[in-house]
Amino acid sequence: MFGATEPSRDDILGQLPDELPVLPLRNMVAYPFTVLPISVGMARSVRLVNEAMHGNHLVVLVTSLDPEVDEPTSEQVHQVGGIALIQRVQQGEKGLQMVVTVLERVKIKEWSSNDPYLKAKIELAPDIEEQDAEAEALRRNLIEVAQAVVALMPNIPSEVGQFLEQVESNRSLVYMIGANANMETNAREQLLELDSTNAKMRLMISTLVHEREVLSIGQRISEETQEKLGKEQRDFYLRRQLDAIRKELGETDDEAAEVENYQKKIDDAGLPDEARQQATRELKRMERLSSQSAEYGVIKSYLDWLVELPWNSVSDDNLDIDHARKVLNEDHYDLKEVKGRILEYLAVRKLAKDRAVDTADQDTEAAGAILLFVGPPGVGKTSLGKSIAR
């Protein structure tokens, strides 16, 4: 189309054909002045690219409204996109891998075909680039915010921020930053569809200010976490060194002795496996803490309670209903409903136990249960528990 020599951008845009193939993109937006790598796998898209490579190498790139649709129709794509020149195509394992240069922003004037792939008549739609004081102010603000974002991203060289000041065109600056900013696809498309460069810069500034705040908060959280972990690790190593020094000097550390004492209590308590694992876990936490720590006291109280429980002590239940009624009446006046519920529970327990003995099946004996006493202070909840124990 253009002859033997490689045409310039202006030559290409000045000799556009009436109709061009349209390639829908998933989760991508084609910004002018950018180079895009694109993977093409669908059969109709592969045919589009192959035919374009045998022709003028031109293709219109538009973004699909729904990335889940494999072969979108003309009604399922955005109407603003970019005209691109295919620079290179290579056969990959799952289709074609191509690199394109996006030349200019375009709008779809009229769809001319859906088969074998989308074709349309387009019109060039270069952005309106204002040359006023507001444009200069927006440009400076955009560069400043972009440089602040770059400074918060350790994987990006600081030279990138300095390079932004050398970009002469405001629309080139916007598209360069937009192509590399952390933005959702809808926001990228919104940036492309705005006609005014000033409006584009305002949108990018708003987006980058939000990104700067997110990165600043993330950096602060990371620094606080690292500082806390660093202090805990340092304290841990210092305690280990102190323990080693005291052992060499033959001195006894009170905290270490207390940990050893609790370890002995845990060993002697005969805890079941689950309780032993929990006790050991808490003991290790206590070992890493200072005795002046509030958490140290909480763990100590928990371990005291844990090792003092009668894990291996078993008493025979006295299910004599007459004896139980006598004890309850001696200890409590009235409370007929409460005492009746307790006696009812004991009767069920006795019945279940007698049935287990008669059938020689111990598995049928009723399992342990909890009686819950609810009421304000002073109504007799604790004394009822004592009576049940008696």
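**Overall build and an aromatic cluster**

Of the chain's 390 residues, 34% come out as buried, with buried meaning under 20% relative accessible area, exposed over 50% and partly exposed in between (1.4 Å probe, protein chains only). The model is a predicted one, so local features were kept only at pLDDT of at least 70 and side-chain atom pairs only at pLDDT 80 or more, while totals for chains, interfaces and linings take in all residues. Numbering starts from 1 along each chain as its sequence is written, and side-chain values rest on heavy atoms, with hydrogens and water left out.

As for secondary structure, the chain carries 13 helices and six strands; these are DSSP runs numbered from the N terminus (helices H or I, at least four residues; strands E, at least two). The radius of gyration is 39 Å, well over the 21 Å that the globule rule gives for 390 residues, so the chain is more spread out than a compact globule. That radius is taken over C-alpha atoms, and the rule is 2.2 Å times the number of residues to the power 0.38. The C-alpha trace spans about 110 × 65 × 45 Å along its principal axes.

Now for contacts (heavy atoms within 4.5 Å). Among those in the chain with a separation of 6 or more, 65% come from residues 24 or more positions apart. On the charge side, there are 46 positive and 68 negative side chains, and the centres of the two sets sit 5 Å apart. Lys and Arg count as positive and Asp and Glu as negative, leaving out His and the chain ends; each charge is placed at NZ of Lys, CZ of Arg, CG of Asp or CD of Glu.

Then there are the aromatics. Rings of Phe, Tyr and Trp (its six-membered ring) pair if their centres lie within 6.5 Å, with planes under 30 degrees apart called stacked, over 60 edge-to-face and the rest tilted. In one of them, the rings of Tyr31 and Tyr175 have centres 5.2 Å apart and planes at 35°, so the pair is tilted. Tyr31 belongs to the loop between strand E1 (20-25) and strand E2 (35-40), and Tyr175 to helix H5 (residues 170-180), so that this pair links parts of the chain 144 residues apart. Both Tyr31 and Tyr175 are buried, Tyr175 at 1% relative accessibility.

Tyr175 also pairs with Phe33, again tilted, at 6.3 Å centre to centre and 55° between the planes. Phe33 lies in the loop between E1 and E2, so its pairing with helix H5 ties together parts 142 residues apart in sequence. Phe33 is partly exposed, at 35% relative accessibility. Tyr31, Phe33 and Tyr175 make up one aromatic cluster.
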